Amino acid sequence: ETPALPAIVQELKSVPYLSQIVIGLDRATQDEYQHALSFFADLPQHHRVLWNDGPRLKALDARLQEAGLAPQELGKGRNVWYCMGYILATSRVDAVALHDCDILTYDRSLLARLIYPVAHPQFSFEFCKGYYARVAGNKLNGRACRLLVGPLIHATKRVLGENDFLKYLDSFRYLLAGEFAFRRDLLNDMRVPSDWGLEMGVASEMYRNNSTNRICQVELT
């Protein structure tokens, strides 16, 4: 229901190398779910809409709740958590890319730049973080990163001194970017944050599980 998503779908239709597209649908009624199925039906690639509020996923969530495994907080992290579980279970892909669905200037080159470092068989990168200029006309976006996360990391470094983990976080051009890609094998050991801080949490998990020379960032636009 935004102007961005129809253009994104139109671009994805012409991408030949995608084996699977997974759409996480949150806070949707039955009618909205049916509309989503119709909306994405034009995609020629294998695709699935995961209706998080539907009976099948709610039943699965109840089973996981009983086992103490299900995410406790609603939101983006929980949505991605279930999408990752589906991707891992289906084993259709070797590289996974995530991006937001509100990018008004989206074109297929953004996806290519994002996934290329981890999909190329001769590269050793396991994780790629995307960034791009947060400028729209005369407006400078990205306030949460510029005014909160960046200053908080710098202040923590001043208090604690030099720290490899803080240096790692500070090295990203835009730590809160929702665009990142990684090898599917990482899902076996990655604790996807299911409550808040998905972008920070995933970057932290990459540091925990990988050597930094297997992590890269790329300008998407």
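**Exercise 1.** How many helices and strands does the chain have?

*Solution.* The chain has eight helices and eight strands, read as DSSP runs (helices H or I, at least four residues; strands E, at least two) numbered from the N terminus. The model is predicted, so local features need pLDDT of at least 70 and side-chain atom pairs 80 or more, while totals for chains, interfaces and linings use all residues. Residues are numbered from 1 along each chain as its sequence is written, and side-chain values use heavy atoms, without hydrogens and water.

**Exercise 2.** Find which radius of gyration the chain has, and compare it with a compact globule.

*Solution.* The radius is taken over C-alpha atoms, and the globule rule is 2.2 Å times the number of residues to the power 0.38. For 221 residues a compact globule would have a value near 17 Å; the chain has 18 Å, which agrees. Of these residues, 42% are buried (under 20% relative accessible area, 1.4 Å probe, protein chains only).

**Exercise 3.** Describe the largest pocket and its lining.

*Solution.* A pocket is an open set of points on a 1 Å grid over the protein atoms alone, where a 1.4 Å probe fits, with protein on both sides within 12 Å along at least five of seven lines; lining residues have an atom within 4 Å of a point. The lining has 49 residues, and Val 22, Ile 23, Gly 24, Asn 79 and Cys 101 lie nearest the centre. Elements giving two or more residues include strand E1 (21-25) and helix H4 (76-90). H4 gives the most, seven residues.

Definitions and conventions
Buried < 20%, exposed > 50% of the residue type's maximum accessible area, 1.4 Å probe, protein only.
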